[in-house]
Amino acid sequence: MKNYQQEIALLQRQYQETLVHVKDSRWCRAFCEEKRQHSLQVIGAGNYIMKHEPVFKNRSKGFERCAVLAYLLHDIGRFPEIREIYNYEKNGKTYYDRNSLLDHGERGAELLAQMPEYADLRIIIPIRHHGHMIERFYEDAQYQSIKDQNLRKEIRDIIFLVRDADKIANFYLMTSPAAQEKYRNLLFHAPDEQYLHGNINPKFEEYFKNHQITLHKDTYTMADNFLGFVSWVFDLNYQTSIEFTKKHNIIDRLMAVVGKFNQQTDLQEKLANYAKMYIQSINLNHRQEDFS
């Protein structure tokens with residue numbers, strides 16, 4: 001990454017400024033550190049996909065630069081978000097009071113659009129929508145206004161790359177016992193028994209059966225949260241990402257975490273089988289190009 005030291009320094013500055021701002025909040029400091037670590041891990045995941053995925057061979061230097069910058073800076077909006085969470089909680093509110101109003105993708109896109117060196121639609125649009133349901137991307141007015149079909153394809157290739165790199169980096173992170181404990185502490189300030197060891201939402205069986213990513217609004221327990229990570233396999237876009245998931249036995253390793261928080265073993269096995277059958281049967285190299 002020697003050619004991108006300026007952008008890594010930009011991330012580091014945002015991180016350091018945020019640490020100073022939230023210095024008396026242990027939770028916000030931990031959240032900030034996790035996002036710095038995650039951003040660096042996504043760089044490795046994005047590099048891995050670009051190296052192994054045929055669609056990224058023989059692309060222009062301009063395209064390659066935008067692709068790398070999109071995944072390198074995808075979470076830069078997390079740092080102003082964390083500062084805002086801190087300010088909000090200082091006024092007696094909590095992160096969960098306002099969770100639905102915070103959008104780090106939008107914040108990151110706004111921040112970078114003000115910097116001429118990053119104000120390229122191939123960077124801005126993928127960052128804006130990397131964490132949204134994919135329909136939000138296709139409905140984006142800026143994307144819809146683009147007449148150049150090659151540019152539209154480049155943006156699609158990059159947003160699929162950013163979304164996959166984000167997911168497989170989190171897959172790898174969430175299968176680490178230390179990361180699981182850290183994530184649990186970040187996710188819930190004062191865990192209660194129902195949250196920690198409650199039943200899996202029955203809706204999840206339909207999500208998995210239909211190969212759909214679970215929705216945050218239907219997530220009520222720790223098991224639901226980790227099953228949400230498992231459901232990300234249904235939203236992978238490149239075969240390289242599928243093969244990574246197989247190689248590292250991600251589904252079984254995540255399901256082992258679910259088992260720590262939930263005793264519904266029959267349902268766990270059924271959901272795991274839906275996900276494993278999907279990644280064994282899918283071949284994204286044969287995916288029809290979507291020109292929406």
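Angles under 35 degrees count as roughly parallel, those over 145 as roughly antiparallel, 65 to 115 as roughly perpendicular, and the rest as oblique. This report applies that scale to a predicted model, in which local features need pLDDT of at least 70, side-chain atom pairs count only at pLDDT 80 or more, and totals for chains, interfaces and linings use all residues. Residues are numbered from 1 along each chain as its sequence is written, and side-chain values use heavy atoms, with hydrogens and water left out.

**Helices 1 and 2**

Helix 1 (residues 5-21) packs against helix 2 (residues 26-52) at an angle of about 170 degrees, and their axes are 9 Å apart. Helix 1 and helix 2 are therefore roughly antiparallel to each other. Helices (H or I, at least four residues) are DSSP runs, numbered from the N terminus. Axes are lines fitted to C-alpha atoms over the stretch in contact, and angles run from 0 to 180 degrees between N-to-C directions. Contact means heavy atoms within 4.5 Å. On the helix 1 side, I8, L11, Q12, Y15, T18 and L19 take part; they meet R29, C32, E33, R36, S39 and I43 of helix 2. A charge sits over a ring if NZ of Lys or CZ of Arg is within 6 Å of the ring centre and within 35 degrees of the ring normal.

**Nonpolar core**

A nonpolar core joins buried Ala, Val, Leu, Ile, Met, Phe, Trp, Tyr and Cys residues through side-chain atoms within 4.5 Å. Buried means under 20% relative accessible area (1.4 Å probe, protein chains only). The largest such core has 91 residues, and L73, L112, F208, F226 and V233 have the most contacts inside it. Helix 10 (residues 149-174) supplies the largest share, 12 residues. Beyond its neighbours within four places in sequence, F208 touches T214, L227, V230, S231, F234, L271, Y274 and A275.

**Aromatic pairs**

The structure holds 16 aromatic pairs. Rings of Phe, Tyr and Trp (its six-membered ring) pair if their centres lie within 6.5 Å; planes under 30 degrees apart count as stacked, over 60 as edge-to-face and the rest as tilted. Two examples follow.

| Pair | Centre to centre | Angle between planes | Type |
|---|---|---|---|
| F137 and Y138 | 4.9 Å | 50 degrees | tilted |
| F226 and F261 | 6.3 Å | 10 degrees | stacked |

F226 in helix 14 (residues 222-231) and F261 in helix 16 (residues 250-261) are 35 residues apart, so the pair links distant parts of the chain. F226 is buried at 1%, and F261 at 11%. Ring pairs link F171, F226, F229, W232 and F261 into a cluster. K167 lies over the face of W232, at 5.9 Å from the ring centre.

Terms used: Buried means under 20% relative accessible area, exposed over 50%, partly exposed in between (1.4 Å probe, protein chains only). Helices (H or I, at least four residues) and strands (E, at least two) are DSSP runs, numbered from the N terminus.
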